[in-house]
Amino acid sequence: MKFFLLDVSIAMAGILMLVQSLPAQEPQPEKPKQFIYVLRLVPRLYSDSAWTKEDKMALDRHLTRFQHSIETGELILAGRTREPGDKTFGVAIFQAKDETAARQFMESDPAVVAGLMTAELHPFAVALERKNP
């Protein structure tokens, strides 16, 4: 019985030393969520000739913002279809911490703020992605 208690004591001491030496598990920060917003031209801009200088400047701000968002890693991709004005639409797939942040990103898009485009937000998940060479 003495040896049994001694063995149990040694085993318990070993377990305590092992547990104390393990690093504390820190909670991992939550991964950003992915969203997509669909952009559609407002009807007055269906014709290329209808674009004013101010409209073109707002579009430049929109593209500059997307370029910056690509560089910071927030924007995953953006693009548009190559169809006539009433059929064309664009998409922006991006990351945000939550839907509130995603909505703020979408609603502050210069093309949306300037009234050139409407935008509709959707939760999204990239399932497959081609690796860049």
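Here are some notes on the fold, core, pocket and a few residues of this predicted model.

1. Ground rules. Because this is a predicted model, local features need pLDDT of at least 70 and side-chain atom pairs count only at pLDDT 80 or more, while totals for chains, interfaces and linings use all residues. Numbering starts from 1 along each chain as its sequence is written, and side-chain values use heavy atoms, with hydrogens and water left out.

2. The overall fold. The protein has 4 helices and 4 strands; here helices (H or I, at least four residues) and strands (E, at least two) are DSSP runs, numbered from the N terminus. Walk along the sequence and you get α-β-α-β-β-α-α-β. Of the 133 residues, 25% are buried, where buried means under 20% relative accessible area, exposed means over 50%, and partly exposed is in between (1.4 Å probe, protein chains only). Take the contacts (heavy atoms within 4.5 Å) with a separation of 6 or more: residues 24 or more positions apart account for 68% of them.

3. The core. Nonpolar side chains tend to be buried together in soluble globular proteins. The largest nonpolar core here has 20 residues, and Y37, F94, L116 and L121 touch the most other members. Such a core is a set of buried Ala, Val, Leu, Ile, Met, Phe, Trp, Tyr and Cys residues joined through side-chain atoms within 4.5 Å. Two or more residues each come from β1, α2, β3, α3 (99-107) and β4 (117-124), and β1 gives the largest share, 4 residues.

4. Y37 up close. Which residues does Y37 touch, not counting those up to four places away in sequence? Among them are R65, F66, V91, F94, F105, M106, A119 and L121.

5. F35 on strand β1. You'll find F35 in strand β1, and F35 is buried because its relative accessible area is 4%. The C-alpha atoms of F35 and I93 are separated by 5.7 Å, although the two are 58 residues apart along the chain. Leaving aside neighbours within four places in sequence, the contacts of F35 include A92, I93, F94, A102, L121 and F124.

6. Is T88 buried or exposed? T88 counts as buried, because its relative accessibility is 7%. E83, with a relative accessible area of 35%, is therefore partly exposed. T81 is a partner for both: its side chain makes a polar contact with the side chain of T88 (2.9 Å), and another of 3.2 Å with the side chain of E83. A polar contact is a pair of N or O atoms within 3.5 Å; within protein, one must be able to donate a hydrogen and the other to accept it, and residues adjacent in sequence count only if both atoms are side-chain atoms. Beyond its neighbours within four places in sequence, T88 is in contact with R40, L41, R80, T81 and E83.

7. The largest pocket. Its volume is about 450 Å³. On a 1 Å grid over the protein atoms alone, a pocket is an open set of points where a 1.4 Å probe fits, with protein on both sides within 12 Å along at least five of seven lines; lining residues have an atom within 4 Å of a point. Points are joined across faces, edges and corners, and the volume is the space filled by probe spheres set on them. There are 25 lining residues, with L59, H62, R80, G90 and M117 nearest the centre.

8. What lines the pocket. β1 (33-41), α2 (53-72), β2 (75-80) and β3 (90-96) each supply at least two lining residues, and α2 gives the most, with 6. The lining divides into 15 nonpolar, 6 polar and 4 charged residues. Ala, Val, Leu, Ile, Met, Phe, Trp, Tyr, Cys and Pro count as nonpolar, Asp, Glu, Lys and Arg as charged, and the others, Gly among them, as polar.
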